[in-house]
Amino acid sequence: MQTAELIWEIKNNIEKIGRSLKVIEVCGTHTVSIYKNGFHTLFEGYIDFISGPGCPVCVTHEGYIDRLVELSSEWTIYTFGDLLKVPGSSKSLSQARANGGKIKVMYSPVDAVEHLENNEKVIFAAVGFETTAPAFALSLEKVIEKGLKNVKFACELKTIDEPLKSLLQNHIRVDGIILPGHVATVIGVDSFKFVEGFKVASVISGFEGYDILLSLLSITQDILNEDFTVKNEYKRVVKKEGNVIAKGYIEKYFERTSAFFRGLGLIPGGGLKIKDEFREYSIDMSYDNTKQKDSLCRCADVLTGKIKPFECPLFEKVCTPISPKGACMVSQEGSCNAYFRYGKWKGR
Ligand code: SF4
């Protein structure tokens, strides 16, 4: 189907449904694709796009950053670049580095391990969802194989199913869900079957503009047909059972634990921690997740669909990608960042 035809079909279906739809995209890469392709304006009056909690940097508590900052005076912290500017309660990792903190940016934890020597005191900031967890599991395996004794993992890995359940149960009502293609590549279609219980049209989607349109068509057709089975419009990558090898690595080294999500709070089973048998490679990252920095930043409301980024009083005035005041503006996949770069929203 041609793109124009697809757009016409989606709008036509929504007219048959007889009301505008609320559609949530869970993954930050989808948020960026929707805004980059201008779908928020193209479907204005037809679809209200809401961003969910699938950007790992955005949901990370400042207590985790504070702890890494503290540890950086003694250990070398290896982190993905996205985490550098996330504000802690007093400073970010980037500011800590400017003050002499030992912080290095990595592109792959597996590559980083290859270059480590036995006497180096290193902590890997393990942040991400099931997409990233296998890379940290493989790194841990390589650390064990190399006999490195001074390498630890600061585990803040998340799972997608429990926060999604919490969001749908307690925070928001939506007509459709664009499920995260990256995570689905690892955990598979079947892992999202729980969504069917919420009677919401849902579809695993790829990330190109055309993929998103196919997914929106699927959602509108499912609403018309009252069909709430999970659909897969990313078949070229996502399999029913997922990536068995990657899942095997997660299961070998990690187990479920409670995890904090900004906006959703503490979610039982929402995180992954290193299994007890490998605990010598884990560093204590306990922080008080009941306390949050007193700030005008409204990331928590953005991440649960209560407000749009431009409704935050700091948006664009004092909070920009150069000078972010909250995690949702730091990450390239954050909603505030996507709105800033691509939004032509009402009232701008
Ligand atoms: S615009 Fe900035 S301050 Fe406001 S919610 Fe987004 S990240 Fe937080």
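In strand E4 (residues 103-105), Lys-104 is the bridge partner of Tyr-78. The model is a predicted one, in which local features need pLDDT of at least 70, side-chain atom pairs count only at pLDDT 80 or more, and totals for chains, interfaces and linings use all residues. Residues are numbered from 1 along each chain as its sequence is written, and side-chain values use heavy atoms, with hydrogens and water left out. Helices (H or I, at least four residues) and strands (E, at least two) are DSSP runs, numbered from the N terminus.

Two strands pair if DSSP finds at least two bridges between them.

| Strands | Bridges | Sense |
|---|---|---|
| E3 and E4 (residues 103-105) | three bridges | parallel |
| E3 and E5 (residues 122-128) | three bridges | parallel |
| E1 (residues 21-25) and E2 | five bridges | parallel |

On the E5 side, Ile-77 stands opposite Ile-123. E3, helix H6 (residues 93-98) and E4 form a right-handed β-α-β unit; right-handed means that, with the strands pointing away from the viewer, the path from the first strand over the helix to the second runs clockwise.

Contact means heavy atoms within 4.5 Å.

The axes of helix H1 (residues 3-17) and H11 come within 9 Å and cross at roughly 25°. H1 is therefore roughly parallel to H11, since angles under 35 degrees count as roughly parallel, over 145 as roughly antiparallel, 65 to 115 as roughly perpendicular and the rest as oblique. Axes are lines fitted to C-alpha atoms, for helices over the stretch in contact, and angles run from 0 to 180 degrees between N-to-C directions. The crossing of H1 and H11 is left-handed, that is, the near helix is turned anticlockwise from the far one by less than a right angle; clockwise would be right-handed. Residues making the contact include Leu-6, Ile-10 and Ile-14 of H1 and Leu-213, Leu-217 and Leu-224 of H11.

Glu-226 lies in the loop between H11 and E9, and counts as exposed because its relative accessibility is 64%.

Seven of the nine residues of helix H2 (residues 28-36) are buried. One of them is Thr-31, which counts as buried because its relative accessibility is 3%. Leaving aside its neighbours within four places in sequence, Thr-31 is in contact with Glu-25, Ser-51, Ser-335 and Ala-338. Just after H2, Gly-38 takes a positive phi of about 70°.

In helix H9 (residues 161-171), the buried residues are Asp-161, Pro-163, Leu-164, Ser-166, Leu-167 and Leu-168. Their cover includes E1, E7, strand E10 (254-261), strand E11 (265-274) and helix H13 (299-303).

Note on methods:
Buried < 20%, exposed > 50% of the residue type's maximum accessible area, 1.4 Å probe, protein only.
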